[in-house]
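My notes follow the structure.

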Amino acid sequence: MSATGLEVFDTTLQETNIWLKDICLAAEIDRHCAWRVMGAVLRATRDRLPLELAVHLGAQMPLLVRGAYYDQWVPGAVDRPSRSPEDFAVSVANNLGGVRPIDAVGAIGAVFATIGRHVSAGEVQKVRRALPVGIRALWPVPERERTSGVDVGQ
């Protein structure tokens, strides 16, 4: 029997909980904080990607995560955010109002690693390549790339 009465809701809740658990464990934060961190990192990443790639990345996320990703998005906004890793971390930290102080760089790495586990390898490679080099450096190299000896992010 379905918990919500709709299989699509049950599935997205289950998948979202898996993403949150991954982030909680990697960043050593609670679920509430993980939800806020995930949204802040996803939106900061989205705003630094070309439009088409941002949409393709969003399409591979669970429905509920996708909602956080697209929240407050203005496609084609004239103001492009800074491409420095420091400004990326500040952007994430500034979007965590009400959350206990956390290591923004560690939290960013936790979200990037989670994306790396749950989004197709090809899409992850495209996203990593599209990010500025400094921000790309915050993204842990996925296990599947470390074991193959290939680093597509450089």
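These are my entries, in the order I looked things up.

**Model.** I'm working from a predicted model here.

**Helix α6.** I started with α6, which runs over residues 104-118 and has 15 residues. I get 21 Å from its first C-alpha to its last, close to the 21 Å expected. Next I checked burial: 11 of the 15 residues are buried, so α6 is largely enclosed by the rest of the structure. Among the buried ones I noted Ile 108, Val 111, Phe 112 and Ile 115.

**Positive phi.** I then went through the loops. Glu 28 sits between α1 (7-27) and α2 (31-46), and its phi is positive, about 55°, although it is not a glycine. Glu 28 is exposed, at 69% relative accessible area. Gln 72, in the loop between α4 (63-70) and α5 (85-94), has a positive phi of about 65° and is not a glycine either. I have Gln 72 down as exposed too, with 63% relative accessibility.

**Salt bridges.** How many salt bridges are there? I count two. In one of them, Arg 117 pairs with Asp 22 at 3.3 Å, N to O. Arg 117 belongs to α6 and Asp 22 to α1, so this pair ties together parts that are 95 residues apart in sequence. Asp 22 is buried at 18% relative accessible area, whereas Arg 117 is partly exposed at 47%.

Arg 46 and Asp 47 also form a salt bridge, with 2.8 Å between the closest N and O atoms. Which of these is buried or partly exposed? Arg 46 is buried, at 3% relative accessibility, and Asp 47 is partly exposed, at 26%.

Definitions and conventions
Residues are numbered from 1 along each chain as its sequence is written. This is a predicted model: local features need pLDDT of at least 70, side-chain atom pairs count only at pLDDT 80 or more; totals for chains, interfaces and linings use all residues. Side-chain values use heavy atoms; hydrogens and water are left out. Helices (H or I, at least four residues) and strands (E, at least two) are DSSP runs, numbered from the N terminus. The expected span of a helix is 1.5 Å times one less than its number of residues. Buried means under 20% relative accessible area, exposed over 50%, partly exposed in between (1.4 Å probe, protein chains only). A salt bridge is a side-chain nitrogen of Lys or Arg within 4 Å of a carboxyl oxygen of Asp or Glu.
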